[in-house]
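Hello,

Here is the structure I promised to pass on.

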Amino acid sequence: RPWRRAPVALADEMNVYLRLLDYLRPYRARLATAIGCMVVYAAMSAISLGFVAPFMKVLFERASGPPSSAGASEVARDPSAPGPVAAPKEGATRLLGWPAPLRAWASRALLDARPIVALERLCLLILVALLLKNLADYAQAFLMVSVEQAAIRDLRTQLYAHLQRLSLDFYHGRRTGALVSRVTNDVEYLRASLAAGISNLIKDSLTLAGCLAWVFIASWKLALLSLAILPPVALALVAIGRKMRKRSGAAQERMADLTSIL
């Protein structure tokens with residue numbers, strides 16, 4: 001039955017993919033560097049998302065300006081006063097989700113500074129975070145392309161060497177175009193899956209984890225509500241993935257037929 005064959009087919013696909021990953025072993029240093037760049041990319045994405053709250057507070061909650069020095073000294077002199085006592089508590093919560101040491105520094109350097117100074121500092125920090133994020137993204141893309149091209153070169157070399165060792169009887173029973181398509185088109189499909197699989201799995205997963213952390217810290221109820229769309233989306237992705245695999249296999253067979261005719 002199809003539902004019984006599905007786990008077996010999935011296990012076979014995983015075994016093939018793990019065999020394909022063996023070709024990355026000679027280039028593990030470059031791969032580790034690329035993964036490090038992915039971690040930096042995900043961290044900078046989460047950090048840039050964390051700047052949204054203080055940026056909005058500086059823009060829309062600072063119309064009245066920072067508290068005066070007289071008011072601050074008055075709070076220091078009279079802690080029992082009803083009005084200003086709540087200010088320190090508000091300062092502790094207006095940077096929700098930030099670690100305590102960074103929250104204290106950001107509160108002093110950003111939210112308690114003059115609005116124009118706080119805005120300049122925030123823009124500079126956001127610019128640095130986005131610059132590091134894009135540099136890390138470029139570096140990991142460059143390294144992943146070099147790794148995948150080297151791995152596919154090794155795979156094509158082994159495949160070509162294997163074809164040279166086969167008997168003439170093997171070639172009499174198969175079409176030349178189909179064999180050529182195996183070396184050219186099918187290996188190119190493997191290159192695309194190798195690059196997209198590792199990059200999307202690591203970089204996007206880390207980025208999603210960092211962004212979800214900020215979302216749950218801001219409001220875990222709204223975060224859980226937004227996750228309600230995951231089951232139908234997952235089912236749709238599984239169905240689309242199965243159709244894409246079938247169409248991809250059919251496209252490879254048609255390409256082999258076309259190469260044979262040529």
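A search of the whole structure for disulfides (pairs of cysteine sulfur atoms within 2.5 Å) finds zero of them. Of the cysteines, Cys 37 is buried at 14% relative accessibility, while Cys 211 is partly exposed at 22%. Here buried means under 20% relative accessible area, exposed means over 50%, and partly exposed is in between, with a 1.4 Å probe and protein chains only.

Before going on, a word on the source: this is a predicted model, in which local features need pLDDT of at least 70 and side-chain atom pairs count only at pLDDT 80 or more, while totals for chains, interfaces and linings use all residues. Residues are numbered from 1 along each chain as its sequence is written, and side-chain values use heavy atoms, with hydrogens and water left out.

Now the overall build. Of the 262 residues, 25% are buried. Among contacts (heavy atoms within 4.5 Å) with a separation of 6 or more, 83% join residues 24 or more positions apart.

Helix 2 covers residues 28-50, 23 residues in total. From first C-alpha to last, helix 2 reaches 33 Å, close to the 33 Å expected at 1.5 Å a residue; that expected span is 1.5 Å times one less than the number of residues. Its buried residues include Leu 31, Cys 37, Met 38, Tyr 41 and Ala 42.

The charged end of Lys 203 sits over the Tyr 41 ring, 5.0 Å from the ring centre; the criterion is NZ of Lys or CZ of Arg within 6 Å of the centre and within 35 degrees of the ring normal. Lys 203 belongs to helix 9 (residues 176-218) and is buried, with a relative accessible area of 12%. Leaving out residues up to four places away in sequence, Lys 203 touches Met 38, Tyr 41, Ala 42, Asp 137 and Gln 140.

Helix 3 (residues 52-60) buries Pro 54, Lys 57 and Val 58. Seen down the helix axis, these buried residues fall within an arc of 95°, so they line one face of helix 3; the arc is that of the directions from the axis to the C-beta atoms. Val 52, also in helix 3, is partly exposed at 40%. Between Val 52 and Ile 126 there are 74 residues in sequence and 9.3 Å in space, C-alpha to C-alpha.

Apart from residues up to four places away in sequence, Ala 256 touches Arg 175, Gly 177, Ala 178 and Ser 181. The C-alpha atoms of Ala 256 and Thr 184 are separated by 10.0 Å, with the two residues 72 apart along the chain.

Last, the rings. The structure holds one aromatic pair: Phe 170 and Tyr 171, edge-to-face, at 5.4 Å centre to centre with 85° between the planes. Rings of Phe, Tyr and Trp (its six-membered ring) pair if their centres lie within 6.5 Å; planes under 30 degrees apart count as stacked, over 60 as edge-to-face and the rest as tilted. Tyr 171 is partly exposed, with a relative accessible area of 31%.

Best wishes

Note on methods
Helices (H or I, at least four residues) and strands (E, at least two) are DSSP runs, numbered from the N terminus.
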